[in-house]
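Thank you all for coming; today I would like to walk through one protein and the places in it where something can sit. Please have a look at the sequence and the structure, and then we will go through them step by step.

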Amino acid sequence: MLVVMQANASEQEVRAVCERIESLGLRAHPIPGSMRTAIGITGNKGAVDLGSLDSMPGVVECIPVSKPYKLVGREVKPEDTVLVVPTPSGDVRIGGGALAIVAGPCAVENHDQAFAAAEAVRAAGARLFRGGAYKPRTSPYSFQGLGLEGLKILADVRKSFGLGIVTEAVDHESLDLVEEYADVIQIGARNMQNFSLLKRAGRARKPVLLKRGMSATLDEFLMAAEYVMSEGNYNVLLCERGVRTFSDHTRNTLDLSVVPAVQRASHLPILVDPSHGTGRRQKVRPLSRAAVAVGADGLLIEVHPNPDRALSDGLQSIPPEEFQLLMSEVRQIASVLSREVN
Ligand code: PEP
Ligand code: MN
């Protein structure tokens with residue numbers, strides 16, 4: 001259910017409606033828009049008995065939301081969400097025309113490797129650095145990440161290069177730490193339906209980058225984002241990273257058609273990750289160009305100073321020179337579409 005407020009409704013009127021909703025044992029989510037505020041209602045098991053809600057001062061109407069997802073959908077918020085990520089070198093905007101490039105190694109391996117990657121990322125003009133301190137690996141014998149030591153290296157990168165930090169949390173314990181150190185909390189594909197972790201991310205004070213599960217439908221992907229938002233964290237950034245198919249020429253099949261599908265259904269920004277989406281170094285730049293052309297709100301790219309020596313995902317990591325080229329191609333395509341690389 002959605003309560004639409006008048007364009008000139010006062011703050012007190014919005015607050016009074018929220019209090020009435022909460023007094024019914026439900027949760028109110030005020031969503032300011034350019035024209036008016038709407039208030040999403042969640043927490044109801046069936047139809048909401050609104051009582052006299054629609055006759056309260058400032059209320060235009062109460063309308064049912066037809067989709068299974070509520071806060072994520074355009075019915076509740078027609079305008080694009082523009083995420084603002086504060087970094088030491090100023091705000092990075094994602095969505096609504098602003099493209100964000102998130103880049104860095106799959107895993108933080110040591111101080112020198114992370115600093116060399118950060119140097120390359122900054123030199124090419126990207127402003128968000130991503131590196132895993134906690135790695136969800138298929139094999140328990142593979143490199144699992146440096147944990148807290150990795151987060152501390154990321155904090156040094158942040159300070160030394162002015163880059164915002166994006167890093168993955170794999171469970172509740174790591175999320176507590178990631179929330180403290182990172183500017184954006186990544187939830188990986190394998191955790192897209194870890195509902196208790198999604199709820200914990202929904203209570204975090206930092207934006208969440210949510211990757212699509214490798215077999216998730218559009219609705220499942222959006223419902224995962226709904227879990228985060230329903231707990232009160234509205235700063236969610238979606239990321240397409242490829243799905244499992246019969247194709248064996250790539251690690252995954254990058255589903256670029258999900259970008260316009262997400263943008264039609266939801267106001268949330270969506271990034272594309274051609275690194276995991278293809279798993280092959282030589283396919284990352286072509287698919288990056290395609291992702292920008294299809295209208296993605298940004299890219300997530302694995303960049304490593306020496307990909308052949310990488311401790312994880314070396315096959316899909318590109319070296320600094322290639323990343324530089326990728327950025328210049330992406331800028332050209334973005335400008336044709338009147339979009340700006342942030
Ligand atoms: C990653 O981003 O390094 C990662 C493990 O990605 P995904 O969750 O998409 O597999
Ligand atoms: Mn990786």
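Before anything else, a word on pockets: a pocket is an open set of grid points where a 1.4 Å probe fits, with protein on both sides within 12 Å along at least five of seven lines, and its lining residues have an atom within 4 Å of a point. Please keep in mind that this is a predicted model.

With that in hand, the second largest pocket is lined by residues including Ile-41, Thr-42, Lys-199 and Tyr-227, and its volume is about 200 Å³. The largest pocket has a volume of about 320 Å³, and among the 22 residues that line it, Pro-136, Arg-190, Arg-251, His-276 and Asp-313 lie nearest its centre. That lining divides into four nonpolar, eight polar and 10 charged residues.

What takes up the space of the largest pocket? It is ligand 1, and the residues around ligand 1 include Cys-106, Glu-168, Lys-211 and Glu-302. The shell around ligand 1 holds two nonpolar, three polar and seven charged residues.

Looking at individual contacts, a polar side-chain atom of Arg-130 lies 2.4 Å from an oxygen atom of ligand 1, while for Arg-241 the corresponding distance is 2.6 Å and for Lys-135 it is 2.9 Å. Taken alone, ligand 1 exposes 300 Å², and the protein buries 97% of that.

Finally, stepping back to the whole chain, the protein is divided into domain 1, covering 2–63, and domain 2, covering 83–341, with their C-alpha centres 35 Å apart.

Methods: Residues numbered from 1 in each chain as written. Chains lettered and ligands numbered in written order. Predicted model: local features only at pLDDT ≥ 70, side-chain atom pairs only at ≥ 80, totals over all residues. Heavy atoms only, no water. Near = heavy atom within 4 Å. Polar contact = N/O pair within 3.5 Å; in protein donor to acceptor, adjacent residues only side chain to side chain. Areas by Shrake-Rupley, 256 points an atom, 1.4 Å probe, with all protein chains shown as cover. 1 Å grid on protein atoms, 1.4 Å probe; cavity = no way out; pocket = protein on both sides within 12 Å on 5 of 7 lines; lining within 4 Å. Sits in = over half its atoms within 2 Å of the grid points. Nonpolar A, V, L, I, M, F, W, Y, C, P; charged D, E, K, R; others polar. Domains from an automatic or database assignment. Points joined across faces, edges and corners; volume = space filled by probe spheres on them.
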